[in-house]
Amino acid sequence: MTRYPMFFRHGGLVAGRGFIARVSVWGRCLFEKTDEDLCSFLGVNPGSVAGDGATLQEAHRDFLERVKLVVFDIADEATDYENFRQAVGRFVQDTSEENEADWQAAVARVRSGELDLPGYRRLDAHATEVRVHVELVAEQRDDDAVVEAQLRPGLNEAATDEPLEMAVGF
Amino acid sequence: MTFPRRIRLAEVLAMLDTCAPAHTRRETRHSIQVYLGKLTFNLPSGDHASLSKAEIGTSQVRSMVRQLGIPKDCAGRELPTLAGSF
């Protein structure tokens, strides 16, 4: 089994109680590939999600889908925009310690030249921060408007308005 | 190392009951949130409306065991197809 230290970027619009927000996440994860070519993405930040698939791309999409759905769940339960903003921040900053240790070990292997993932750019693991940006796009003044916003095509659907991006930490 | 890609959600929840008896869990619209102390993991709700038939990816289980600090020997006993993969 081989583990690669990855950065990912993901974002989109989310509707909640009384608000529509744009969420952008820059996080970390482990890409794991077994000898039988099973692919997994294990979250480091956020540490509470994972994804898998038959290929790297499929596992990556599954992982991002899980990130998105947890953010949707947070929006469902947030009392207001500020509550949502803080809860999303906690979700992303929640670190899986064991995955973090493996991530750092994988970074060392990349730096030593033992490990590489061709086709992906590299980011300095110690200079690249995990961050989440939440921006209020619009306020909704009644619950009916929020429900309508959630049903609006494209809203709370796959976050396609920001490019999916991955990089290898080194 | 070889292990399956999918596993029954009911087996995973039974493993939690045995190996992490102090855990709590609750359902959200898209997830089953599992809490153990101050730690949280968001399991997918599975691909079937019936819990007995729903399956999830094994990466979810492996990552959850690591994130929540669930004893790996216990998890491996309860989920033998994933033994050694945590």
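Analyst: Happy to! One term to begin with: contact means heavy atoms within 4.5 Å. Please keep in mind that this is a predicted model. On that cut-off, and leaving aside neighbours within four places in sequence, Met6(A) is in contact with residues including Phe31(A), Phe41(A), Trp103(A), Leu117(A) and Met166(A).

User: What makes Met6(A) stand out in the largest nonpolar core?

Analyst: That core has 39 residues, and Met6(A), Phe41(A) and Phe84(A) touch the most other members. The largest share, 11 residues, comes from α1(A).

User: Why is Asn45(A) called buried?

Analyst: Buried means under 20% relative accessible area. Asn45(A) has 2% relative accessibility, so it counts as buried. This residue is found in strand β3 of chain A.

User: What makes the pairing of the Asn45(A) and Arg28(A) side chains a polar contact?

Analyst: A polar contact needs a pair of N or O atoms within 3.5 Å, one able to donate a hydrogen and the other to accept it. The side chains of Asn45(A) and Arg28(A) are joined by such a contact at 2.7 Å. The Asn45(A) side chain also reaches the backbone oxygen of Gln93(A), at 3.2 Å.

User: How do you know how α3(A) and α2(B) are oriented to each other?

Analyst: Their axes come within 7 Å and cross at roughly 105°. Angles of 65 to 115 degrees count as roughly perpendicular, and α3(A) and α2(B) are therefore described that way. The residues of this contact divide into no nonpolar, three polar and four charged.

Technical notes:
Residues are numbered from 1 along each chain as its sequence is written. Chains are lettered from A and ligands numbered from 1 in the order in which they are written. This is a predicted model: local features need pLDDT of at least 70, side-chain atom pairs count only at pLDDT 80 or more; totals for chains, interfaces and linings use all residues. Side-chain values use heavy atoms; hydrogens and water are left out. Helices (H or I, at least four residues) and strands (E, at least two) are DSSP runs, numbered from the N terminus. Buried means under 20% relative accessible area, exposed over 50%, partly exposed in between (1.4 Å probe, protein chains only). Axes are lines fitted to C-alpha atoms, for helices over the stretch in contact, and angles run from 0 to 180 degrees between N-to-C directions. Angles under 35 degrees count as roughly parallel, over 145 as roughly antiparallel, 65 to 115 as roughly perpendicular and the rest as oblique. Ala, Val, Leu, Ile, Met, Phe, Trp, Tyr, Cys and Pro count as nonpolar, Asp, Glu, Lys and Arg as charged, and the others, Gly among them, as polar. A nonpolar core is a set of buried Ala, Val, Leu, Ile, Met, Phe, Trp, Tyr and Cys residues joined through side-chain atoms within 4.5 Å.
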